[in-house]
Amino acid sequence: MKNSRFAVAIHILALASFQPRATSDFIASSVNTNPVVIRRISSMLKKAGLLTSQAGVPGVNLTKDPIDITLLEIYKAVQGKAETTFAMHEDPNPDCVVGRNIQATLENKFMCAQSAMENELARQTLDDILHDLFE
């Protein structure tokens with residue numbers, strides 16, 4: 001099952017940049033999902049300091065200008081601490097010539113790929129996304 005939290009988080013922030021006080025119902029209609037999903041991801045974005053809301057006032061707002069929000073910040077906000085993009089399978093057969101070395105080999109390759117991806121996300125901003133949306 002693919003994890004779409006990152007894409008949904010960018011969608012939420014893009015809407016919040018255009019629609020001050022965007023509600024979870026409004027955002028959910030754009031994402032085409034349940035408002036509960038939007039509230040859960042919005043909560044992660046609030047915890048990361050990217051969204052804000054006020055008690056008694058519906059909707060959310062960005063906490064900073066889109067040019068100051070990197071895609072890496074968004075990614076880290078919604079990516080679980082133990083999650084990585086590339087998962088290892090557990091307990092390969094240590095008696096197999098491939099099984100005994102596959103994890104160490106793949107971990108190194110996966111770490112390099114993860115680092116490259118994160119470096120690219122650090123170079124991209126929410127503003128870049130907004131610009132591309134309407135180009």
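**Figure 1. Helix α1 and its cover.** Helices (H or I, at least four residues) and strands (E, at least two) are DSSP runs, numbered from the N terminus. The model is predicted: local features need pLDDT of at least 70 and side-chain atom pairs count only at pLDDT 80 or more, whereas totals for chains, interfaces and linings use all residues. Residues are numbered from 1 along each chain as its sequence is written, and side-chain values use heavy atoms, with hydrogens and water left out. The buried residues of α1 are V8, A9, I10, I12, L13, A14, L15 and A16; buried denotes under 20% relative accessible area, exposed over 50%, and partly exposed the range in between (1.4 Å probe, protein chains only). Their cover includes α2 (24-31), α3, β1 (51-54), β2 (57-62), α4 and α6.

**Figure 2. Surroundings of S42.** S42 belongs to helix α3, residues 35-47. This residue counts as buried because its relative accessibility is 6%. Not counting residues up to four places away in sequence, S42 touches I12 and L51, a contact being heavy atoms within 4.5 Å.

**Figure 3. The loop residue N93.** N93 is located in the loop between α4 (71-78) and α5 (102-123). With a relative accessible area of 43%, N93 is partly exposed. Its contacts, leaving aside neighbours within four places in sequence, are with G99 and R100. A polar atom of the N93 side chain lies 2.8 Å from the backbone nitrogen of D95.

**Figure 4. Salt bridges.** The whole structure contains 2 salt bridges, each defined as a side-chain nitrogen of Lys or Arg within 4 Å of a carboxyl oxygen of Asp or Glu. In the pair K64 and E73, the closest N and O atoms are 2.7 Å apart. K64 is partly exposed, with a relative accessible area of 31%, and E73 is likewise partly exposed, at 26% relative accessibility. R123 forms a salt bridge with E120, in which the closest N and O atoms are 3.0 Å apart. These two residues are separated by about one helical turn, because they lie 3 residues apart in helix α5. R123 is exposed, with a relative accessible area of 57%, whereas E120 is partly exposed at 35% relative accessibility.

Technical notes: A polar contact is a pair of N or O atoms within 3.5 Å; within protein, one must be able to donate a hydrogen and the other to accept it, and residues adjacent in sequence count only if both atoms are side-chain atoms.
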